[in-house]
Amino acid sequence: MDFLELAKKRYSCKKFDTSKKVEKDKLDKILEAGQVAPTAKNSQPQRIYVMESEEALKLVDSLTPCRYGAPVALVVAYSTDEEFTYPGGKYRSGMEDASIVATHMMLMAASLGIDSCWLNFFDPDKAAEALNLPDNEKVVLIMDLGYAAEGASPLPNHEKTKTMDELVSYRYTRER
Ligand SMILES: Cc1cc2nc3c(=O)[nH]c(=O)nc-3n(C[C@H](O)[C@H](O)[C@H](O)COP(=O)(O)O)c2cc1C
C-alpha cells in the first residue's frame with residue numbers, strides 16, 4: 001500500500017475489540033516510529049506513557065470517556081525544560097513536537113493494521129496530576145490503540161474533506 005492509500009485508509013476508531021491485545025512487537029515498532037520523529041532542534045522533549053495494565057486503563061477511563069475499549073492508550077506529553085523556543089521568545093515547540101511524534105505513531109500503527117484514535121477530550125492538567133508527572137511535563141493527547149471491533153467503521157464524515165482551494169493557497173510561487 002502506498003503512503004497516500006494508507007493515510008486515506010486510517011480512520012479514528014471509536015469501537016475496539018476488547019478481547020484483542022496489541023502484540024508487543026507491534027507496540028514496540030509504534031513507539032520506535034515516535035522515537036525517530038523529527039523535533040525542533042532534535043530536542044526530543046516527548047514523554048510517552050504506555051497505559052496497558054488494568055489499573056492504568058482505569059486511570060485513562062477516569063480522565064476521558066473516549067477509550068472505546070482500546071487495550072492500550074498512550075499518553076503523550078512533553079518536557080517544558082527540553083522544548084525549543086522560537087526566535088522572539090514568545091512561542092515554544094513542545095506541542096508541535098508531541099504532535100508529530102504522535103502522528104508518526106498513529107500512522108505506524110495503521111501500517112501494522114492497528115487502529116487508533118487521537119484524543120483531546122480530557123483535562124491535560126488533571127491527566128498530569130493523575131499520572132503523577134513532574135511539573136515540567138505537559139500532557140498533549142491520549143492515543144487509543146487496538147483492533148477495531150467487528151462492525152466498527154469510520155464516521156460518515158471521514159472522507160469529507162474541504163476542497164484544495166479552501167485549504168491551500170499558492171502565494172507568488174506558481175501560476176495556478
Ligand atoms: C487533535 C484531535 C483531537 C481529537 N480528539 C478526539 C476525542 O477526544 N475523542 C474522539 O472520539 N475523537 C477525537 N478525535 C478524532 C476526530 O474526531 C477525528 O479524527 C475526526 O473526526 C476525523 O475522523 P477520521 O480521523 O476518522 O478521518 C480527535 C482528533 C484530533 C486530530
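Helices (at least four residues) and strands (at least two) are DSSP runs, numbered from the N terminus.

**View 1. Order of the elements in the predicted model.** This is a predicted model. The chain holds six helices and four strands. Read from the N terminus, their order is α-α-β-α-β-α-β-α-β-α.

**View 2. Overall dimensions of the chain.** The C-alpha trace spans about 55 × 40 × 30 Å along its principal axes. The chain has a radius of gyration of 17 Å; this agrees with a compact globule, because one of 176 residues would have a value near 16 Å. Buried residues make up 29% of the 176. Among contacts between residues at least 6 apart in sequence, 78% join residues at least 24 apart.

**View 3. The largest nonpolar core.** This core has 35 residues. Those with the most contacts inside it are Ala73, Leu74, Val75, Val76, Met105, Met143 and Leu145. Helices H2 (24–35), H3 (54–63) and H4 (94–111) each supply at least two core residues.

**View 4. Contacts of Leu145.** Neighbours within four places in sequence are left aside here. Leu145 is then in contact with Val22, Ile30, Ala70, Val72, Ala73, Leu74, Ala109, Ile114 and Ser116.

**View 5. The shell around the ligand.** Tyr11, Ser12 and Lys14 are among the residues around the ligand. Cys66 is another. The run Cys117, Trp118, Leu119, Asn120 and Phe121 also belongs to the shell. Pro154, Leu155 and His158 complete the list. By type, the shell divides into eight nonpolar, three polar and one charged.

Conventions: Residues numbered from 1 in each chain as written. Predicted model: local features only at pLDDT ≥ 70, side-chain atom pairs only at ≥ 80, totals over all residues. Near = placed C-beta within 6 Å. Nonpolar A, V, L, I, M, F, W, Y, C, P; charged D, E, K, R; others polar. Rg over C-alpha atoms; globule rule 2.2 N^0.38 Å. Buried ≥ 20, exposed ≤ 12 C-beta atoms within 10 Å, placed from the backbone. Contact = placed C-beta atoms within 7 Å. Core = buried A, V, L, I, M, F, W, Y, C linked by C-beta atoms within 7 Å.
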